[in-house]
Amino acid sequence: MDASCVCLHSAATSGRVMSLPGWVSLGKRAAGLLSPASWSLRGREHVCRLGRCVANMAEEAKKRAAYAAVDNHVQNNQVVGVGSGSTIVYAVDRLAERVRQEKLNIVCVPTSFQARQLILQHGLTLSDLDRHPELDVAIDGADEVDADLTLIKGGGKDSKALGQQWKKGVPIEVIPMAYVPVSRMIAKSFGGEAKLRMAVSKAGPVVTDNSNFILDWKFENAQNWKEVNTAIKMIPGVVETGLFVGMAERAYFGMEDGSVQIRDPPVN
């Protein structure tokens, strides 16, 4: 099921800020909508119009998920963690709108340079984890969300198990000098392949806000994600993983039909 997902976390218990997923995959949806157009100009124009329609649906799904999360969980006098990504733009839009309309006293803590700029552009109160080490709620994006609300950070895929739909792997932030031994250790210990993420519009690897590299680990088999996440973090040179295990408290999925579905963690 393709969806735009938003996840929430009620407090910052580590150095990172948790998440509101909100991204819609267009692959299957586009394939279902685009008829086999001919190679004529008219056929290509038809495909382009449908492509724009699908893109608009995707943005609406992101917006619905982001708005629902902000409306249901942000309250007056809170410290709010703000993540990054395309859905966060809508979340900050809605947050700023509510602050203006309801005269809310909200402090925002960003997870990235993009989040910081969004907060400043909207005239929201900017802070950091030094001044506000505990968050009331945090909103960010996820690539995939499974039935247990285990997340791969960063596209809104809804799956029973991680890896069923999101094929780009788990991002792992590493210090530059350690990326080769870390990638080898991960592959040896857990299978699959961990490759250095390369930049698209310029030569060289992607560099994080903290001047580190990112490995994308494409795993092969189902994993005990709690144990794997802990083990990877123990490898020298690893800064952080894109796995969120036992952190998300709720996920919002913006659906194609205009509805927003909510998922809570299973009751053990």
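## Helices across the sheet

In this predicted model, helix H6 (residues 225-233) lies across strands S9, S11 and S12 and runs at about 155° to S12. Helix H5 (residues 179-190) lies across S9, S10, strand S11 (213-218) and S12, at about 15° to S11. Helices (H or I, at least four residues) and strands (E, at least two) are DSSP runs, numbered from the N terminus. Angles run from 0 to 180 degrees between N-to-C directions, and axes are lines fitted to C-alpha atoms, for helices over the stretch in contact; contact means heavy atoms within 4.5 Å.

Residues are numbered from 1 along each chain as its sequence is written, and side-chain values use heavy atoms, with hydrogens and water left out. Local features need pLDDT of at least 70 and side-chain atom pairs count only at pLDDT 80 or more, while totals for chains, interfaces and linings use all residues.

## The four-stranded sheet

Four strands form an open sheet in the order S10-S11-S9-S12, with antiparallel pairing. Its edge strands, S10 (193-196) and S12 (238-241), each pair on one side only. On average, neighbouring strands of this sheet are turned by 30° against each other, direction ignored. Two strands pair if DSSP finds at least two bridges between them.

Strand S9 (residues 170-174) is joined to S12 by three bridges, and the two run antiparallel. Val-174 stands opposite Val-238 in S12.

## The largest cavity

The largest cavity holds about 50 Å³ of space. A cavity is a set of points, on a 1 Å grid over the protein atoms alone, where a 1.4 Å probe fits but cannot get out; lining residues have an atom within 4 Å of a point. Grid points are joined across faces, edges and corners, and the volume is the space filled by probe spheres set on the points.

Among the lining residues are Val-70, Val-80, Gly-81, Ile-88 and Ile-139. Strand S2 (78-82) and helix H3 (86-102) are the elements that give two or more residues to this lining, and H3 gives the most, with four. The lining divides into eight nonpolar residues, one polar and no charged; Ala, Val, Leu, Ile, Met, Phe, Trp, Tyr, Cys and Pro count as nonpolar, Asp, Glu, Lys and Arg as charged, and the others, Gly among them, as polar.

## Confidence

The protein has a mean pLDDT (the predictor's confidence in each residue, from 0 to 100) of 79, and 75% of its residues reach 70 or more.

Note on methods
On a 1 Å grid over the protein atoms alone, a cavity is a set of points where a 1.4 Å probe fits but cannot get out, and a pocket is an open set with protein on both sides within 12 Å along at least five of seven lines; lining residues have an atom within 4 Å of a point.
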